[in-house]
Amino acid sequence: MKTTDHSLTSNKSDNDWMQAALGLGARGQGNVSPNPSVGCIIVKDNVVVGRGWTQPSGRPHAEAKALQQADDQAKGATAYVTLEPCSHYGVTPPCAEALIKAEIGRVVVAMRDPDERVNGSGINMLRQAGINVTENILSQDAEAFHLGFVLKATENRPTFTLKLAVSNDGKIAKANGDSKWITGPEARQFGHMMRAKHDGILVGVNTVLADNPMLSCRVNGLESKSPIRIILDTNLQTPLTAQVVQTADEIKTVIVTEVNNNVDAFSACGVEILNVRSTRDMREVSALLANFGFTSVMIEGGAQIAASFARAKLIDQHAIFRAPTIIGEDGINAIQGLSLERYIADPSFVIETTRNLGPDVLTTYRNIK
């Protein structure tokens, strides 16, 4: 017999429990692709008896972890799940089947799974087994949380977050290209934490040539959550001596290119080469990334890459770190050929959060169209 978890005991509503399940699901973000990062809480007599979230690489699923913790207390309990339990056989049996075998009394689902292999069949399986199913609890919150998984299933692309560190006048570098530490240490640390929430981090080859970045998550305790590094490199100009190449055995690195020369040398370093017809066609690039398994990608550089994704209307969220410094008119625009102020004034972008990070300010915008 498992002991109950009395850390969450009160007369909470379905919304309250689902909000807690979404919080659990956030623990797997950036670490479970191509699967969704699901959260599950099992409640009996207003006491949490099981909690789970999707584990690294997507297995086990959240429901399986929660049922394992609940053990025989799952019988007659209510399971709160942020995404419809799967109904198809894959690496593991269906979660809907596991809930039925555990004799769960009720299942509360935030949203249906858009995957054509599921999309209502998991809910139908539960109902046919006599389980009471309640749908659409905090569905809008769940759809926003699972947006990458939804877009992968419906539009064959991941979500894209454009992260910019800019001066107060919207520049990312001086005219000579010097961009070292526009923002302060607090903002840089927060940016690394954001990396840990994404499957991939994407830059263009010019950023690699200019800065030789590591593109890892350098925050204590999160080093193992560095996202896969993605380099857009039309002619495969990335040096074999670049940090992203030399550390590819430690942190997975992929290069998206139009050519096939010198591929063996990159493969020997552990780099995976992905070919596209055009690295300038961001729709083609986004489909390639979705097929590879990415559900969320953070774009970090440079101005040309940012402009290409912006013009293709593929950016779902913006994270703009603004420093109090002024670079001046001869500085490099954050988005090539576009004024940052005019760009973010687009009515389809709404402010989600604003926070101070030392001397800098982070504003996040969500695309509502």
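Q: Contact means heavy atoms within 4.5 Å; which residues is Ile42 in contact with, leaving aside its neighbours within four places in sequence?
A: Ile42 reaches Val47, Val48, Val49, Gly50, Ala66, Leu67, Ala70, Ala77, Thr78, Ala79 and Ile104. A caveat before going on: this is a predicted model, where local features need pLDDT of at least 70 and side-chain atom pairs count only at 80 or more, while totals for chains, interfaces and linings use all residues. Residues are numbered from 1 along each chain as its sequence is written, and side-chain values use heavy atoms, with hydrogens and water left out.

Q: How do you know how confident the predictor is in the protein chain?
A: From pLDDT, the predictor's confidence in each residue, from 0 to 100. The protein chain averages 92, and 95% of the residues score at least 70. Over residues 1-10, though, pLDDT stays under 50, and the model has 28 contacts beyond four places in sequence for that stretch.

Q: What makes a set of residues a nonpolar core?
A: The members are buried Ala, Val, Leu, Ile, Met, Phe, Trp, Tyr and Cys residues joined through side-chain atoms within 4.5 Å. The largest one here has 39 residues, with Met18, Ile42, Ile104 and Val107 making the most contacts inside it. Helix 1 (residues 14-25) gives the largest share, 5 residues; helices (H or I, at least four residues) and strands (E, at least two) are DSSP runs numbered from the N terminus. A second, separate core of 37 residues includes Leu162, Leu164, Ala173 and Tyr365.

Q: What kind of aromatic pair do Phe160 and Phe309 form?
A: The whole structure holds 5 aromatic pairs. The Phe160 and Phe309 rings are 4.8 Å centre to centre with 45° between the planes, which is a tilted pair. Rings of Phe, Tyr and Trp (its six-membered ring) pair if their centres lie within 6.5 Å; planes under 30 degrees apart are stacked, over 60 edge-to-face, and the rest tilted. Phe160 sits in strand 7 (residues 159-166) and Phe309 in helix 12 (residues 303-311), 149 residues apart. Both are buried.

Q: What makes Phe292 and Phe294 a stacked pair?
A: Their centres are 5.4 Å apart and their planes at 20°, so they pass as stacked. Phe292 is partly exposed at 27% relative accessibility, whereas Phe294 is buried at 1%.

Q: How do you know that the charged end of Lys12 sits over the ring of Trp17?
A: That takes NZ of Lys or CZ of Arg within 6 Å of the ring centre and within 35 degrees of the ring normal. Lys12 is 5.1 Å from the centre of the Trp17 ring. Lys163 lies over the face of Phe321 too, at 5.6 Å from the ring centre.

Q: What joins the side chains of Arg106 and Asp14?
A: A polar contact of 2.6 Å. The term covers a pair of N or O atoms within 3.5 Å; within protein, one must be able to donate a hydrogen and the other to accept it, and residues adjacent in sequence count only if both atoms are side-chain atoms. Arg106 lies in strand 5 (residues 106-109).

Terms used:
Buried < 20%, exposed > 50% of the residue type's maximum accessible area, 1.4 Å probe, protein only. Contact = heavy atoms within 4.5 Å.
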